[in-house]
Amino acid sequence: MYRYIGNKTKLLEQITSLASNYLSPGGTVADLMAGTGSVAAEFRRLGYRVIASDIMTYSKWHLYVQLLMNRTPSFEGLSDLSVEPECHYVQVLNYLNELEPVEGYFFREFSPSGLPANGCPSRKYFTSDNAAKIDAIRLKINEWRDEGRICQMEEALLRHTLIMAVNEVANISGTYGYFLANFTASAKNAIHLAPVSINTGRIDNVVLQGRAEDLAAGVTADLCYLDPPYIKRQYAANYHILETVARGDEPVAAGKSGLRPWRDQYSDLCTKTKSKDSFAKIIEDIHCPVCLISYSEDGLFPVEDLCDVFSAYGKIEVKEIAYKRFRSNCSSLANEIKEFIIVLEKW
Ligand SMILES: C[S@@+](CC[C@H](N)C(=O)[O-])C[C@H]1O[C@@H](n2cnc3c(N)ncnc32)[C@H](O)[C@@H]1O
């Protein structure tokens, strides 16, 4: 399971059954803060057409795989890796799993044997062996992309698969904000790319990347689901290493934690001063009669304050769900929180 702050895997039933009251079969749903893609994929599974987006690049790859594919791509540009005429996804993963490790960027910046370029003490996000394997795999995917040997769907599937594998061996307590002092048992396992399953379903979906505030005006849907950040800490900072895996780049790794530059993915929704204006812009601009907005008791402001913003645009109703919260391993927060879904029927 993907440990991602705000991941709604456990609330899919509540979200989609509420949404179905406002949708005709096969209608279009927009999910403009899609994260792991769990909600978007569930709407697709139920037969709806989905328009999904997020600020983050890793989310884009998750969405490509979950919304735009209904079979594994052919990898025909890599047929020389295979004894069969066609090279399959599993064969490509076998090849990547067996690459010789490379002591590259991940090894230098994120492993205990590395010497970070900024002179900070070595970091322990991954064992040295795993970091060198990640380097080898990243370099090979970049090489195939740059030589035009894989198409964008194939790149999406490989980067998505690598992100899932990286999550399994990361030495963190929930987010990539910082690494743990000692390697956990799972972090000591050797990284392994395992094939992900590709769901069948409609592929006339749309995947975008960007701020919901900027994209909303171009989106027309029957219903829009919004699942904003609830906390001040930016996703771009909490998941900086996944972003680097997704982009395949080698950014400056700053400070003790090795944070990549993230201002280009700064979200106004994580700030108390700007988020209400952002919500208002999204609701105003999107061409959509109904919006469902998830929010949490843990959020930056009381849900009533958000309701004040939305009530300027239509009739609102608030549903309350008791929910087991995402917790990083060392969190002392209570286990249960209230989740809200605000239903806005626009005038
Ligand atoms: C609560 S999470 C969504 C979780 C998602 N529903 C899931 O199940 O994985 C919030 C998401 O909003 C994204 N985000 C933050 N600010 C945004 C913005 N202004 N526009 C679009 N996405 C944004 C974050 O990158 C994060 O993935």
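Predicted model: local features only at pLDDT ≥ 70, side-chain atom pairs only at ≥ 80, totals over all residues.
At 13% relative accessibility, F179 is a buried residue, where buried means under 20% relative accessible area, exposed over 50% and partly exposed in between, with a 1.4 Å probe and protein chains only. Residues are numbered from 1 along each chain as its sequence is written, and side-chain values use heavy atoms, with hydrogens and water left out.

**Aromatic rings**

- Y178 and F179 make a stacked aromatic pair, with 4.4 Å from centre to centre and 20° between the planes. Rings of Phe, Tyr and Trp (its six-membered ring) pair if their centres lie within 6.5 Å; planes under 30 degrees apart count as stacked, over 60 as edge-to-face and the rest as tilted.
- Y178 is partly exposed, at 41% relative accessibility.
- Y178 and F179 also belong to a cluster linked by ring pairs, along with Y105, F106, F110, Y125 and F126.
- Searching the whole structure turns up 20 aromatic pairs. One of them is Y4 with Y235, a tilted pair at 5.2 Å centre to centre and 45° between the planes.
- That pair links distant parts of the chain: Y4 is in the segment before α1 (12-20), while Y235 is in helix α10 (residues 235-238), 231 residues apart. Helices (H or I, at least four residues) and strands (E, at least two) are DSSP runs, numbered from the N terminus.
- Y4 is buried at 6% relative accessibility, and Y235 is buried too, at 15%.

**Charges over rings**

- R263 lies over the face of W262, 5.4 Å from the ring centre. A charge sits over a ring if NZ of Lys or CZ of Arg is within 6 Å of the ring centre and within 35 degrees of the ring normal.
- K276 has its charged end over the ring of F301, 4.9 Å from the centre.

**The chain as a whole**

- The protein chain has 13 helices and seven strands.
- Its radius of gyration is 21 Å, close to the 20 Å that the globule rule gives for 347 residues, so the chain is as compact as a globular protein of that length. The radius is taken over C-alpha atoms, and the rule is 2.2 Å times the number of residues to the power 0.38.
- The C-alpha trace spans about 60 × 50 × 30 Å along its principal axes.
- Of the 347 residues, 57% count as buried.

**Enclosed elements**

- Strand β2 (residues 49-54) has five of its six residues buried, so it is largely enclosed by the rest of the structure.
- β2 pairs with strand β1 (residues 28-31) in the parallel sense, over four bridges; two strands pair if DSSP finds at least two bridges between them. D31 stands opposite A52 in β2.
- Helix α11 (residues 240-247) is likewise largely enclosed by the rest of the structure, because seven of its eight residues are buried. Those are H240, I241, L242, E243, T244, V245 and A246.
- The buried residues of α11 pack against α3 (57-67), α5 (105-110), α6 (128-146), α7 (152-169) and α10, with contact meaning heavy atoms within 4.5 Å.
- After α11 comes G248, with a positive phi near 70°.
- In helix α12 (residues 275-285), the buried residues include S275, F279 and I283.
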